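Here is a short note for someone opening this model for the first time. The points can be read one at a time with the structure in view.

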Amino acid sequence: MPSLISAARAAAVLFCALTGLARAETVEIRIDNFTFSPAEVHVAPGTTIVWVNADDIPHAVAANDKSFRSKVLDTEEKYSRTVAGPGTIDYFCSLHPHMTGRIIVDAGGAGGTSGPAGR
C-alpha cells in the first residue's frame, strides 16, 4: 500500500510540473521594415517575448523605463525577455527611436494583438 501512495504522489508532482510547463508561453515579435510586428501584444505574466530581427539592417530593443536593453541585433539575431507583470512595457529601437512597441501584461493575456500594426 505505501508504494501505491508514493506512486500516486509522484504522478501528482509530475502532473503539476508538466502543467506548469504547458502554461509557459512564448510570443514572437518580428522586426522588419523599421517596425515591430505586432506593435502591441497582450500577454500573461511569465510569458517570454522573443524579438527577431528580420530586417536587413541592425536594430536594438530597449524599454522606455530602462528595465532592459538588447545588444545590437543583426539580421536573424534574437533577443528574449520574460515578463512578470501586471503592467505595460513600452519599448523602442535604440538605433531608430521612431520604432515603438508595447507589451501589456495581465492575467487575461493570451498573446493577442491590438492597436495599429505599424506603430
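**Notes on the model**

1. Arg 30 forms a salt bridge with Glu 28, and the closest N and O atoms of the pair are 3.3 Å apart. A salt bridge here is a side-chain nitrogen of Lys or Arg within 4 Å of a carboxyl oxygen of Asp or Glu. Glu 28 is also partly exposed, because its relative accessibility is 40%.

2. On the origin of the values: this is a predicted model, in which local features need pLDDT of at least 70, side-chain atom pairs count only at pLDDT 80 or more, and totals for chains, interfaces and linings use all residues. Residues are numbered from 1 along each chain as its sequence is written, and side-chain values use heavy atoms, with hydrogens and water left out.

3. The chain has one helix and nine strands. Read from the N terminus, the order is α-β-β-β-β-β-β-β-β-β. Helices (H or I, at least four residues) and strands (E, at least two) are DSSP runs, numbered from the N terminus.

4. Some totals for the chain follow. Of its 119 residues, 32% count as buried. The accessible surface is about 6,900 Å², and carbon and sulfur atoms account for 59% of that surface; the areas come from the Shrake-Rupley method with a 1.4 Å probe, and for residues only the protein chains shown count as cover. Taking contacts between residues at least 6 apart in sequence, 55% join residues at least 24 apart. A contact means heavy atoms within 4.5 Å.

5. Where does UniProt place the feature "binding site"? The record, an unreviewed entry, puts it at His 59, Cys 93 and His 96. These residues are spread over 38 residues of sequence but cluster in space, with a largest C-alpha distance of 7.4 Å. UniProt positions are given in the numbering used here, feature names are shortened, and annotations may be inferred rather than shown by experiment.

6. His 59 sits in the loop between strand E4 (48-53) and strand E5 (61-63). Is His 59 buried or exposed? His 59 counts as buried, because its relative accessibility is 0%. Cys 93 belongs to strand E7 (residues 87-93). Cys 93 has a relative accessible area of 0%, so Cys 93 is buried. With residues up to four places away in sequence left out, Cys 93 touches Phe 36, His 59, Ala 60 and Met 99.

7. Cys 93 also takes part in strand pairing: in E7, Cys 93 is the bridge partner of Val 61. E5 and E7 pair in the antiparallel sense over three bridges. Two strands pair if DSSP finds at least two bridges between them.

8. How many bridges join E7 to E8? Six bridges join these strands, which run antiparallel. One of the partner pairs is Phe 92 with Thr 100 in E8. A hairpin connects E7 to E8 through six residues.

9. The structure holds three salt bridges. One of them, between Glu 77 and Lys 71, has its closest N and O atoms 3.1 Å apart. Glu 77 is partly exposed at 28% relative accessibility, whereas Lys 71 counts as exposed at 51%.

10. Arg 102 forms a salt bridge with Asp 90, with the closest N and O atoms 2.6 Å apart. Arg 102 lies in strand E8 (residues 100-105) and Asp 90 in strand E7, so the pair ties together parts that are 12 residues apart in sequence. Arg 102 counts as partly exposed at 27% relative accessibility, and Asp 90 counts as partly exposed at 25%.

11. A last point concerns Glu 40, which lies in strand E3 (residues 40-43). Glu 40 is buried, because its relative accessible area is 11%. The side chain of Glu 40 makes a polar contact with the side chain of His 42 at 3.4 Å. A polar contact is a pair of N or O atoms within 3.5 Å; within protein, one must be able to donate a hydrogen and the other to accept it, and residues adjacent in sequence count only if both atoms are side-chain atoms.

Notes
Buried means under 20% relative accessible area, exposed over 50%, partly exposed in between (1.4 Å probe, protein chains only).
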